Every structure is written in structure tokens, then in C-alpha cells.
Amino acid sequence: MSERIDRLEHENEQLRHAIESRPVIDLARGALMATFGCPAEDAWEILVEVSQNSNVKLRVVADVMTATVTGPEPMPPDLQNHLQTAVERWRSREHEPGAGG
């Protein structure tokens, strides 16, 4: 019984984090969509790629991107490099023969 309660508490905590992270992730996706003209799904894939390649949690990447768009501080150079690489990879896929989007 205690093991089940622990598991449920852990799942509850994960859901709470997801709910708190969702708005900032959506803002970051919107910024990518507006800046680069990419669809929502591609903006999501760009964020995921930046997160994976920089070894920074996705919600942190989104938070940094959102703060960069709304504030005076530039994006840290390492994240900026990962973002540039992800966007260049997305653009190259867009120009492949038979690309869907």
C-alpha cells in the first residue's frame, strides 16, 4: 500500500510540473513559429532537439527562450548555438524533395 501511495505522489508531482511548464513551453513554441515560420509540431521538435543536444530540460530551454524574447538579456551562447543548429536542420528538411511541410 505504501509503495502505491509513493508512486501516486510521484505521478502527481510530475503532473504538477507538466501543468506549470506548459504555458512557457507554448510561449517558446509560439516564438519559434513567429520567428521562423514553422508549424507548431516543428517548433516542438526544435525545442526537443535543443533540449536533448544541450542536456538542458525542455522547460528550462523554453523558459530561457521566453525570457530572451521578453527581456533585455540575450540567450546564453551555448543554447543559442543549439537553437541555430536545430533551426538549420529544420530548414534543410523543409527543402528536401518530398518534404511535407
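Modeller: Happy to! Keep in mind that this is a predicted model. Let's begin with P39, which sits in the loop between α1 and α2.

Colleague: Is P39 buried, partly exposed or exposed?

Modeller: The idea is to look at relative accessibility: under 20% is buried, over 50% is exposed, and anything in between is partly exposed. P39 has 37% relative accessibility, so this residue counts as partly exposed.

Colleague: Which residues does P39 touch, not counting those up to four places away in sequence?

Modeller: Leaving out those sequence neighbours, P39 touches M33 and W90.

Colleague: What comes next along the chain?

Modeller: Helix α2, which covers residues 40–54. To read a helix, compare its reach with the span expected at 1.5 Å a residue. Here the 15 residues of α2 reach 21 Å from first C-alpha to last, close to the expected 21 Å.

Colleague: How should I think about which way the residues of a helix point?

Modeller: An α-helix has 3.6 residues a turn, so residues three or four places apart point the same way. Now look at the buried residues of α2: they are D42, A43, I46, L47, E49, V50, S51 and S54.

Colleague: Which helices do the buried residues of α2 pack against?

Modeller: They pack against α1 (2–36), α3 (58–70) and α4 (77–94).

Colleague: How many helices and strands does the chain have?

Modeller: Four helices and zero strands, giving the pattern α-α-α-α along the sequence. The chain has a radius of 16 Å, well over the 13 Å that the rule gives for 101 residues, so it is more spread out than a compact globule. Its C-alpha atoms fill a box of roughly 55 × 40 × 20 Å along the principal axes.

Colleague: What share of the chain is buried?

Modeller: Buried residues make up 27% of the 101 residues. As for the surface, the chain exposes about 7000 Å², with carbon and sulfur atoms supplying 53% of that area.

Colleague: And what about the charges?

Modeller: There are 10 positive and 17 negative charges, and their mean positions lie 3 Å apart.

Methods. Residues are numbered from 1 along each chain as its sequence is written. This is a predicted model: local features need pLDDT of at least 70, side-chain atom pairs count only at pLDDT 80 or more; totals for chains, interfaces and linings use all residues. Side-chain values use heavy atoms; hydrogens and water are left out. Helices (H or I, at least four residues) and strands (E, at least two) are DSSP runs, numbered from the N terminus. The radius of gyration is taken over C-alpha atoms; the globule rule is 2.2 Å times the number of residues to the power 0.38. Buried means under 20% relative accessible area, exposed over 50%, partly exposed in between (1.4 Å probe, protein chains only). Accessible areas come from the Shrake-Rupley method with a 1.4 Å probe; for residues, only the protein chains shown count as cover. Lys and Arg count as positive and Asp and Glu as negative; His and the chain ends are not counted. The place of a charge is taken as NZ of Lys, CZ of Arg, CG of Asp or CD of Glu. The expected span of a helix is 1.5 Å times one less than its number of residues. Contact means heavy atoms within 4.5 Å.
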